[in-house]
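Student: I would like to learn how to read the features of a model like this one. Could you take me through a few of them?

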Amino acid sequence: MFLFLLIAMVVVVAAVTLAVVGGGDSAALPEAAPEHLVDPLPATRPVGRADVEALRLPVGPRGYRMADVDDVLGRLGAELAERDARIAELESALAGAQATAVGRRNLFAKPGEEREQ
């Protein structure tokens, strides 16, 4: 009885191994198509919070695909640098306007009127 169970177990293990490795014409485990970034960040408008929240990066055999992650991080970095530059420009314009307004004696007079008084 023991010998029969041993032979049956060897046959089952061999059959499973052949099925997994590809013992027939059609493979038991077909190759999966690699995932690609389907909906990248929009190129025609600034990136918004909803765009980043909706972004799903494709997964590769060892995690996320490096090229797609690099592209997304590069785009987000460029958007942040552009926004930081615009904020700095607006802050300097505001500081200049405030300095001009504080330097005037009569804040409610038009620029040409304050010298006539």
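Student: Is Leu6 buried, partly exposed or exposed, and why?
Tutor: Buried means under 20% relative accessible area, exposed over 50%, and partly exposed in between (1.4 Å probe, protein chains only). Leu6 counts as partly exposed because its relative accessibility is 35%. Please keep in mind that this is a predicted model, where local features need pLDDT of at least 70 and side-chain atom pairs count only at pLDDT 80 or more, while totals for chains, interfaces and linings use all residues. Residues are numbered from 1 along each chain as its sequence is written, and side-chain values use heavy atoms, with hydrogens and water left out.

Student: Where is Leu6 found?
Tutor: Helices (H or I, at least four residues) and strands (E, at least two) are DSSP runs, numbered from the N terminus. Leu6 is part of helix 1 (residues 2-21). The protein chain has three helices and two strands, in the order α-α-β-β-α from the N terminus.

Student: How much of the protein chain is buried?
Tutor: Of its 117 residues, 10% are buried.

Student: What else does Asp51 touch?
Tutor: Contact means heavy atoms within 4.5 Å. Leaving aside neighbours within four places in sequence, Asp51 is in contact with Leu41, Pro42, Arg45 and Pro46. Asp51 itself lies in helix 2 (residues 49-54), and its side chain reaches the backbone nitrogen of Gly48 at 3.0 Å.

Student: How are Glu79 and Arg75 placed in helix 3?
Tutor: Because they are four residues apart in helix 3 (residues 66-103), about one helical turn separates them. Salt bridges with shared partners join Arg75, Glu79 and Arg83 into one network. The side chains of Glu79 and Arg75 meet at 3.0 Å, N to O. Glu79 is buried, at 11%, and Arg75 is partly exposed, at 22%.

Notes
Polar contact = N/O pair within 3.5 Å; in protein donor to acceptor, adjacent residues only side chain to side chain. Salt bridge = Lys/Arg side-chain N within 4 Å of Asp/Glu carboxyl O.
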